[in-house]
Amino acid sequence: QVQVRERASPQQVESPTRASARVRSKPSYQEVERSDIDLDDEEAFESEEESEMSSSSAEVVPQRKGRKVPVKRKAKRTSIRRKPQKRAKQESPEKDLPDLPSWPEIDIKSISGVATAVLTRMEELDEDGIFAVPVLETYPQIEDDYNRVVEDPMDFRTIREEHIPAYESILDLQMDLIQVFKNCIMYNGPGAVVSNYARSLWEQLNDVFKDVCRKEDLMLPRRW
């Protein structure tokens, strides 16, 4: 028997040299892909480093190694509130002055007689005659100083001669007598001996008025 060998087609048969050359020239897809990835990572890393350096260069100031730069901080301003100094309390001359209720009104026809009787009783109580005449008539040397303190001088003689004939209310007499004693305390001070003397007369005014009205048969309100 004769064996007939089939000829291989040109596509199936290759020479060994040609095949080895094709193997050598065939690129490694794994290496190419890996190198591409490495390049992409390096570029991305470099771009990130550049961006970080640019941002850090804008914010951070480079400092020398081994030397600390002191940071100056602004001192906080503290507002110091000073307590207001208390002024020394001065004793007011009007402190602890008698506070008497106002006299009730009486018949206008009786005002002159009652006023004269009350004034006479007050003159008797003023044994030293301190309030009998104007102060500046007795002590003219204190005129400037007295006028600076006392705005409305008053005395018993002025009340009798000038004011009683013009009274339209018995309250006018009460106010004039209070003014006499108040002027004395305001000028001399609350602790003076003469001021205490004036205060004692002031406190007797209402009792004198009641006694005079009783003698004149004048009815006063029960509550007064």
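Let me start with a term: a residue is buried when its relative accessible area is under 20%. Keep that cut-off in mind. What you see above is a predicted model.

Rings first. The structure holds 6 aromatic pairs. Take tryptophan 103 and phenylalanine 209: their rings are stacked, 4.3 Å centre to centre, with 5 degrees between the planes. This pair links distant parts of the chain. Tryptophan 103 sits in the loop between helix H2 and helix H3, phenylalanine 209 is in helix H9, and they are 106 residues apart. Are the two buried or exposed? Tryptophan 103 has 2% relative accessibility, so it counts as buried. Phenylalanine 209 is at 0%, so it counts as buried too.

Next pair: phenylalanine 131 and phenylalanine 181. Their ring centres are 5.4 Å apart and their planes stand at 80 degrees, so this pair is edge-to-face. Phenylalanine 131 comes from the loop between H3 and H4, and phenylalanine 181 from helix H7, so the contact ties together parts 50 residues apart in sequence. Both of these phenylalanines are buried. They also belong to a cluster: ring pairs link Phe131, Phe156, Phe181 and Tyr197.

Now the largest pocket. Its volume is about 320 Å³. It has 17 lining residues, and Ile130, Val135, Tyr139, Cys184 and Asn188 lie nearest the centre. Which helix gives the most to that lining? H7, with 5 residues. Helix H4, residues 135-138, and helix H7, residues 170-188, each supply at least two. By class, the lining has 12 nonpolar, 4 polar and 1 charged residues.

So much for H7: phenylalanine 181 lies in this helix, and H7 also contributes to the pocket lining.

Note on methods
Residues numbered from 1 in each chain as written. Predicted model: local features only at pLDDT ≥ 70, side-chain atom pairs only at ≥ 80, totals over all residues. Heavy atoms only, no water. 1 Å grid on protein atoms, 1.4 Å probe; cavity = no way out; pocket = protein on both sides within 12 Å on 5 of 7 lines; lining within 4 Å. Points joined across faces, edges and corners; volume = space filled by probe spheres on them. Helix = DSSP H or I, 4+ residues; strand = E, 2+ residues; numbered from the N terminus. Nonpolar A, V, L, I, M, F, W, Y, C, P; charged D, E, K, R; others polar. Phe/Tyr/Trp six-rings, centres within 6.5 Å; stacked < 30°, edge-to-face > 60°. Buried < 20%, exposed > 50% of the residue type's maximum accessible area, 1.4 Å probe, protein only.
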